[in-house]
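Please open the structure in a viewer and keep the selection panel at hand. The stops below are arranged so that each selection leads to the next.

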Amino acid sequence: MKNITISCVTLLFICSFSIYGQAQSVVPEKEDSISIQEIEIAYGAVEKDLLVSSAYSITGELLTKSGSMNFENTLFGRFPGLFVNQRAGHPGDDSPTLRVRGALNSPLTIVDGYERDITYLSPEEIESITLLKDASAVGLYGMKAANGVLVIITKRGMQQKNRIHFTVQTGLQSPVNTMNVLNAQNYMTLYNQAAVNDELPEKYSPSEISAAGTSPQYPDVDWQGEALRKTSGLSRANLTVNGGSQFIRYLVDFGFLYNKGIYKPSNPVLNSDAQMNRLNLRSNFDLQVTKSTVFSMDLYGAVDDRNQPAQYAENIWHAMYTLPPNAFNVVNPDGTYGGTSIYTNNPVAMIEASGNSHSNTRFLNAGFHLRQDLGVILKGLSVSIGYFVDNSTSIYDGKWRNFLMRQLLSDGTGYYSYGENTEYYDWSSSDGSRFTGIDAELVYKMPERNGHSLQALARFQSDQEWRTNADLTPYLTRNLGARMIYAYKKRYIIQLASSYYGSEQYADKYRYGFFPSVAGGWVFSNEDFLTENTTISYGKVKASYGSIGRNPYVNGRYPYYQYYVNGGTYQVGADWSIIYGYQPGMLANPDIKWETSTMLNAGLELELFEQLSFETDFFIDQRSDVLYINYRHPSVLGVNLPYENIGKISNVGIDGRLGYKNTGDNFNWFSDVLWTFSKNTIKEMGEALHEGELSYLNRTGNPVNAIYGYEVEGYFDGGDESAPSQSFGPTREGDLKYTDQNNDHIIDTRDMTMIGDGQPKLDLGVRAGMVVKGFDLELLLQGQFGRDQLLSGNPLYQPIIYGNAATEYALREDFPRLTLSNMNNYQPSTYWVQPIHFLKLRNLEMGYSFNSRLIQKLSMESFRIFVRGINLFTLSNWKYSDPEFFEIGYMPMKVYYLGVNISF
Amino acid sequence: MKKSRIYHLFIPGMIICLVLFLGSCEFDEFLEKPAGADITIDTLFSNTENAQQLIFSLYHDSYFGANNIVLHWWDEPQNWGSWSEIGEDLYFPEFFTTKAYVDGTFNPTSGHLYPINYLFDAVRKCNIFIERAETIPTQSAIEDEYIRRMTGEAHAHMAYQYFKGFRLWGSLPWINKVLEGGEEPYPRIAFSTLIDSMVARLDLAAEMLPEQWDGQWTGRFTVAAAKALKAKILVYAASPLYNGPLPSYASGYDYPEVLGYGDDDPERWKRAADACKEAIDAATDAGHEIYTGSVPKENLYHLAINLTKEHIIYQRFRPSTNVEGGWAYCYNMMNWPFGIGWHLRTDVTYQPTIQHVDGYQMINGKFPIEGYVDNDGTNPIISSAGTDAGYDDQTYWKDRDPRFYNNIIYHGSTFGETYNTKLVNFDSNPDVPNRTHGDWPAFKTSLMVHKFVNEALGADPSVTYQPVHPIIRLADLYLLYAEALNGYNDGPNGEAITYFNLIRSRSGMPGYDAENYRGESDKEKFENAIKYERKVEFFMEGQRYFDLRRWKDGDELNLEMAGLQIYNDVVSRININWTNVFPERMYFHPFHADWVNNTPGLYQNPGY
């Protein structure tokens, strides 16, 4: 198989030269001098006409408008086909989830040709960013690309005089949404109501309720107000120097950012605030060694420093949201922290008295390339070799301690004490990673002759990745890839791409996979009958088909190999000495291999009047050999079951873009709408299938992110003794009544069925802007529609059960019977499934560029000031919190910036 | 044209060279797994030192644990609840995983079914060892003997796994080789065959195991342990649930042979009694004895917190202090009167009900409570013997079987005397001084568990505790022996009463007096005496649930729980609004639907 595939790749390449031969024999040489918009694809760029795979590219310039602290947070609403969800807000730990076309995992990210983390990039250093979506676009990435690929090219120097761009911006941030939780009076009233509903006496007397907030004995604490500031600051600065001569071209980018957290209390002896700052430096050098030889050296270094309280952010925010407002005082009259035996999580104390946790990460990424133009042998031919080494080292340290909390006695005369103040304990740890690889590339771009044009690429890459100190052996991959694009008169285009890709984690017979793809397109606007047409200024139809892989490390290393692993300890003997066990590890799966996606893509691109552009792609992704644990093995086997290639998932959808651009003399405006729609179905997942009556329990056939629970029929009204008994606790009037799916007159886990789908159906991006004289305005809206959110289990919507809860939710008319502990109403059910739709103003920027005469006197090229807002407002059917963020943790922020761009 | 021809040759030639170059990089070797210090089955069996580690892993909590107390709650089987909290008449406010077991809603898709994979994981390890033991190279006769002993351990562990399994489900597939997948189905074997198979393994183990291990190895299976387990299995097998006709609810079930013998045969009691006697003799020979190291009324408490010669098979937990994060303390400290010692925690894990307390005899051997009006725990019927002995609800704790004090913490009891001068005070009125009530709303019965709660821990967080929980102790064998003799002889003979009284006198209780027990016949009276004895003696040892089921006394597990409330020192009984429900089908637990769907021959039990 291996040899056959190598031969295939070779043939593909040789075949391209035969075409060249034919073309050459007929066609006289002619230079094509017209400059044409080029689109970056995998390892190279192609003219727009020749792009027949599904890829979408934007410039880094565009992303500077989103100027977020985390590069990934600039990607909202920018690409048709990319779902971005903000699920975190902690400084330095605020990456969103990225999902290409509804794939289940993050895309592969490639920076300057190598697999790298993109979180640390700044928009200012980016030349272009391209999303590769279909099999033919990602075809060169073999086993790593089935979830799509983001390809990022950083800026390089140009042969020009020194140019300096400087941007500085500073701003304020505050939470996107604050949670409105019950105040003491509401909380106590609801508590009493819940107690009465449970046939228990009321806990709080009317006088206690009315006294709330009046004295330390009757506290009414706004925990968020105590623990969070209204706003906090953040700043970024970036300096780019770009220039070059005939012999050397360089780009140096220097960046700094600072992000201060939102916590209000501060530790008097050490820094315990959540904050991050980072310094980064990039220098991309191209050295013209000979007329035909370029040596490139790209260095990137960064120091990333983060700090936070010793307590986890989740716990701090959990305390802020769910601590009853009347639980205790933040600080007692005697100066100690408040706390009780039940609630020992005083958020103020957790922030200012528990210590801190600090990390310092240093990156050094280096890439070296030598490219030799072989034009003397054959015009258009070049080879290159490259080597890269990426290193990171992290040092973690911190201090933590326990603290004393006291509870005021109900008569106000004394205290109960909990815990004690201890000294700070120090801890530290470190880890590091290293990623290296070599690559070799052969590129041939045949000059267009008589309408024939051809581009061919063959490359080899070998990577080694040491992920952490703990992994003793590196993760290895090898990739041999080739691509050929042939076009006739830029009307008919064919692209072949393939990858022969190997991974160390499979047994010999599955070590290499071959992933071919084919794509074709017809640019009908280049046909003679349309070239003069002014209505249709551009038009193309395209389609692609191919397979691509994914090699997740689901079973640990070398899963084809039967290991024996640690089997726990036990104490024996008179001195209770510890003995260590060994036992069989997970059952070896000698047949494990990659998952395969077979993708079909069909698209249309249309541009009218050179102003209105439209493109759309329809896609089907049939993922087979999906790795699931095969629960169909008999349970008497007596061993941990491995993942096996038994699943099938299909995913279909449409993405696209509609844009309008008006260029006038004084007034330019544009608008872009992007959309992605997708839906997946599990065809096969190795579950132990139920047959007959209970087959609704099966998950096969449902979406991957399906939500399971009970269907709510209504509420108990007191008179229905004949209703099926519900197995979660005694039911009373006002409790939720569930549907008895299997008619056995008892509601239990066998009545759970699919009640929602957690996957968003539609992601929408709308970008619009205008330029009038020196004034510019741009806005970006992003929305998501049709995602179901399950709220059961979320403390914020379960008043009293976990403590405090969201005010408006707890006071809803249709809220089921309140209770102190009965979990009947808090089972996953249709009552708790909330369809979520939202539209967010992701950013809004207004700028003014000063009159050129004035600034010329200051020897500036341009001077612009701007104000920018991020996440400014949200429209949603869900009004109780940020519709994107249901976790309890550090919230995403909205940000207001003021900044200047200066160029020299 | 000539020039282009050269190119034609040159270019493909270069490509071929490139491919040859890449091919010569030896693709496969680059991606080959590097040789390392991996442990494989061959390294494991390359010497006794390594091979013993496979046996060691069988003693890990996941497999060896009796699951009687939730101690190491991160170790998984314990996550599935503890048999103690299910079996005893305890209120357990944080039901988590045990809820479905006690409220009658258990079904084959319940999320927290006790996982069967632990059983078969252990069986697989036993089979691997037994199959490979002979391949271990040895240097000396001592090593040969060690391998023989370990093979005995593997047989004993295998029987122990099936013992834990058949108590839940009835018979199971008997896996006596290492499965690779793809074998013909292994159906559940007949109950009688399973019993005989376990007994055969234990007989084999008894021949191979040592009478005692050297000091460094104590705690591993011995001859006495194998015989004790065999005795226990045979008493179970002779008990009414299995030794009798099929339960009526299971009539029409397709596989009656997996549930029991199907008929009643007193010879099974004989077989059990013989095995008990043999085990008692072996244990005595090996130096096991009934613990009497403290004063009689405190013997049981000290037995619970120490490793003694009475322990034959037992589970040890990691010795630790609270300071070093010893989680073994966790549940100890959650059965702790608030504010005594350094530990301040209000939540209470196990709360005995008043019905449990009512079950204790007076110190004179009489039962003070006869029953309840309408089965209502707040409305007791006080027996004449109780009245004679001065029983009153306000002083319910007075003059009871000493094991009551060993098992229960109650309002007015002493606790942590070496460092604490207060009495336990569960008064619910917050204005009462010196309360040890933490005002936790889920503390409902005003009673706590004392057994296994090491009072010394409260003195200082750095006190080290070595928790140990009995799986079979000598007292168990005595009572099993007395029960088997009674079953075989249709009444207690002298020997049965002698062994029975040894257990009572150890705790300072008077000997057997048939008058104190209900029953139509001598046999039934003695049966009831055994049932009382096992209930109070093995409280919290994870036996009760299985005892009640083998006696077909599942009705006892239907209980509307009641507790106490103390206000200004006045005791009143209260209903705590929790009812345990035991449907008959729970005599045999369900297999999870997934296991049944996957495993041909793993027939679902009746009623599910």
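**Orientation**

The model is predicted, so local features are taken only where pLDDT is at least 70. Select chain B, which contains 23 helices and ten strands. Of its 608 residues, 49% are buried. Consider next the contacts in chain B between residues at least 6 apart in sequence: 67% of these join residues at least 24 apart.

**Stop 1: helices 11 and 12 of chain B**

Select residues 191-208 (helix 11) and 223-238 (helix 12) of chain B; the two axes come within 9 Å and cross at roughly 165°. An angle over 145 degrees counts as roughly antiparallel, and helix 11 of chain B is therefore roughly antiparallel to helix 12 of chain B. The crossing of this pair is left-handed.

Display the side chains at the contact. Helix 11 of chain B contributes B:I195, B:M198, B:V199, B:L202, B:A205 and B:A206. From helix 12 of chain B come B:V223, B:A226, B:K227, B:L229, B:K230, B:I233, B:L234 and B:A237. Colouring this contact by class gives twelve nonpolar residues, no polar ones and two charged ones.

**Stop 2: helix 10 of chain B**

On helix 10 of chain B, the contact residues are B:A156, B:A159, B:Y160, B:F163 and B:R167. Their counterparts on helix 12 of chain B are B:A225, B:A226, B:L229, B:I233 and B:Y236. By class, the contact comprises nine nonpolar residues, no polar ones and one charged one. B:A226, B:L229 and B:I233 of helix 12 of chain B take part both in the contact with helix 11 of chain B and in that with helix 10 of chain B.

**Stop 3: helix 9 of chain B**

Select residues 117-132 of chain B, which form helix 9. At 1.5 Å a residue, its 16 residues should span 22 Å, and the end C-alpha atoms are 22 Å apart, in agreement. The buried residues of helix 9 of chain B include the run B:Y118, B:L119, B:F120, B:D121, B:A122, B:V123, B:R124, B:K125 and B:C126. B:I128 and B:F129 are buried as well.

**Stop 4: a positive phi in each chain**

In general, most residues other than glycine have a negative phi. Go to B:K552, in the loop between helix 22 (544-550) and strand 9 (559-567) of chain B. Its phi is near 60°, although the residue is not a glycine. B:K552 counts as partly exposed, with 15 C-beta neighbours inside 10 Å.

Now move to A:N450, in the loop between strand 20 (425-449) and strand 21 (452-466) of chain A. This residue, also not a glycine, has a positive phi of about 50°. A:N450 is partly exposed, with 13 other C-beta atoms within 10 Å.

**Stop 5: the contact between the chains**

Show both chains together: 65 residues of chain A and 73 residues of chain B make the contact. On the side of chain A, the elements giving two or more residues are helix 1 (2-26), strand 22 (475-488), strand 23 (492-503), strand 26 (564-572) and strand 27 (577-584). Helix 1 of chain A gives the most, with eight residues. The side of chain A that touches chain B divides into 35 nonpolar, 22 polar and eight charged residues.

**Stop 6: inside chain A**

Select helix 7 (residues 313-322) of chain A, where seven of the ten residues are buried. These are A:A313, A:I316, A:W317, A:A319, A:M320, A:Y321 and A:T322. They pack against helix 6 (223-227), strand 14 (293-309) and helix 8 (347-352) of chain A.

Finish at A:N280, in strand 13 (residues 275-290) of chain A. Is A:N280 buried or exposed? A:N280 is buried, with 20 other C-beta atoms within 10 Å. Leaving aside residues up to four places away in sequence, A:N280 touches A:Y120, A:S122, A:G255, A:G301 and A:A302. A:D253 is 27 residues from A:N280 in sequence and 8.0 Å from it in space, C-alpha to C-alpha.

Technical notes. Residues numbered from 1 in each chain as written. Chains lettered and ligands numbered in written order. Predicted model: local features only at pLDDT ≥ 70, side-chain atom pairs only at ≥ 80, totals over all residues. Helix = DSSP H or I, 4+ residues; strand = E, 2+ residues; numbered from the N terminus. Buried ≥ 20, exposed ≤ 12 C-beta atoms within 10 Å, placed from the backbone. Contact = placed C-beta atoms within 7 Å. Axes fitted to C-alpha atoms, helices over the stretch in contact; angles between N-to-C directions. Parallel < 35°, antiparallel > 145°, perpendicular 65-115°, else oblique. Left-handed = near helix turned anticlockwise from the far one by under 90°. Nonpolar A, V, L, I, M, F, W, Y, C, P; charged D, E, K, R; others polar. Expected span 1.5 Å × (residues − 1).
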